[in-house]
Amino acid sequence: MTAQLTLYNSLTRSLEAFQPLDPEKGVRVYSCGPTVYNYAHLGNLRAYVFTDTLSRVLSWKGYPLTHVINITDVGHLTSDADAGDDKMEAAARAQAKSIWDIAAHYTAAFKQNIADLNIRQPTRWSVATDHIAEMIDFAEKIAPEHCYELDSGLYFDSTTVPDYGKLAGSQDDAREGRIEAVEGKRHPQDFAIWRKSPPGEQRQMEWDSPWGKGAPGWHLECSVMSIKYLGAPFDIHTGGIDHREIHHPNEIAQNQAFCGCSDTGSHFWMHNNFLVDRQGKMSKSKGGFTTLQSLIDAGVHPLAYRLLCLQAQYRSELEFSAENLAAALTRLKRLVMTVTALKAKDEVDNQSLIGAAYIERLDQAASDDLNTPKVLPVLDEMLADKRLTAYERVDLLRQFDAVLGLRLLELSREDLRVRPAAATITAQEIEDRLVERKEARLVKDFQRSDTIRDELAAAGVEVMDGDPMGWDWKPLLGG
Ligand code: AMP
Ligand code: ZN
């Protein structure tokens, strides 16, 4: 692992050589986590495949790592500016449930997605509502010099810190337009640190504060929790590219106010690009999003979605479609079949220089701003390289998969045949029918063989005759 790790820093809009700020502390990473008012859509999950790739590359290259991901269960409004309703309050009202139940349900669903995608657990999940007292302390410290109070809450004056919005790049009208005016705000970019509960209205989530009963602004939690658990400045702060425009510039402003310096709070600010579909950026508020569970229910193994993500570099937009997903699933099956065959061979170890050259190429690609699309063909080439023994290839695969996280050493062909939720037939019944069909074909009873195929199709299962990978059947994928 000798290649210099290079990462794109959104703050300088350039690739920079990465070194930990304090090697004694290892690498400290904070990732903006999900708002748990709904199921994560596939676009949200791309953000965590990205942070997982980052964390895996750091670990593989030997850096000790502290990784914090937060859970936003308060403060995120339906508009990214300071207008609209709290997403959690709105979801609780719509579903006639308590916010706490909503948060618990969607947090558990999110953690299941994380497990299904083989995303490593962070060092700490940090929940916003567990840190309200610290948020109030932080706000009290910055308020005298940086905030002003209105009837609706405490606001941060964005002109009190140097270079407000530098991370977002040039101030364009479109972005300003998104920051809806709040009565009395001094500048459109100013943002809420504390939102007072409107008089006469009782919210499910509200706390006493020096500015009255209310709830913290969304941006506050990330400054408070990242500094609490990682110290400031720490090494890397991540999020989706939408956070580059408002959420992260606001975090930076708070961090600067808190330290009384121009430091942004993190050395690197990294952002993954969007997962898009034909209608544009996938989003929860648009509705009609696709969850990971909906893919699993359709009979697609979740790691096929992980592979789809890895086929693009995190800074490129990635298009999601049923065809792209099906192609990724086929590629995953092929990899699993190849590895299964290699594992079955009984050969003695024979470490060669050729193996070392593959590790070097893996290192080069991974260190090049996490260029996983460059890693994948090197993996294919290595697995097919007959100059290496099967044993050696499997051994090298361990290192590739430490970076890719596709569980290639454990997955079997059976694992990848996920029975669609809507299938009206069990896996065993499918196998039995296929045996029957083979027997019919053996005695040239093609009518019977066709009937069985049609019956399986009606049950949601497509028979794959002559499949070079010997897969036998796959779920019928709709749309
Ligand atoms: P949220 O749950 O809305 O707070 O978002 C969780 C993460 O998903 C954030 O880092 C967002 O920036 C990111 N994100 C939201 N939509 C997309 C998308 N379509 N593609 C990739 N990342 C996204
Ligand atoms: Zn955040």
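Ligand 1 is surrounded by 20 residues, the closest being Thr35, Gly240, Asp242, Leu275 and Met282, where a residue is near a molecule if one of its heavy atoms lies within 4 Å of it. The model is a predicted one, in which local features need pLDDT of at least 70 and side-chain atom pairs count only at pLDDT 80 or more, whereas totals for chains, interfaces and linings use all residues. Side-chain values use heavy atoms, with hydrogens and water left out, while residues are numbered from 1 along each chain as its sequence is written, and chains are lettered from A and ligands numbered from 1 in the order in which they are written.

A backbone N or O atom of Thr35 lies 2.9 Å from an oxygen atom of ligand 1. Nitrogen atoms of the ligand are approached by a backbone N or O atom of Leu275, at 2.8 Å, and by a backbone N or O atom of Gly43, at 3.0 Å.

Helices (H or I, at least four residues) and strands (E, at least two) are DSSP runs numbered from the N terminus, and axes are lines fitted to C-alpha atoms, for helices over the stretch in contact, with angles running from 0 to 180 degrees between N-to-C directions. Arg56, Val57 and Trp60 of α1 make the contact with Gln399, Asp401, Ala402 and Val403 of α13, contact meaning heavy atoms within 4.5 Å.

A second pair is formed by helix α2 (residues 87-95) and α3, which pack at an angle of about 100° with their axes 9 Å apart, and α2 is therefore roughly perpendicular to α3. Here Met88, Glu89, Ala91, Ala92 and Gln95 in α2 meet Ile99, Ile102, Ala103 and Tyr106 in α3. In the loop between α3 (99-116) and β5 (124-127) lies Asn118, which has a positive phi of about 55° although it is not a glycine.

Helix α6 (residues 218-230) packs against helix α7 (residues 247-259) at an angle of about 55°, their axes being 9 Å apart, and the two are therefore oblique to each other. In α6, Trp218, His219, Leu220, Cys222, Ser223 and Ile227 meet His247, Asn250, Glu251, Gln254, Asn255 and Phe258 in α7. The loop between α6 and β10 (234-240) contains Pro233, and a cis peptide bond with omega of about -5° joins Ala232 to this proline.

Technical notes: Parallel < 35°, antiparallel > 145°, perpendicular 65-115°, else oblique. Polar contact = N/O pair within 3.5 Å; in protein donor to acceptor, adjacent residues only side chain to side chain.
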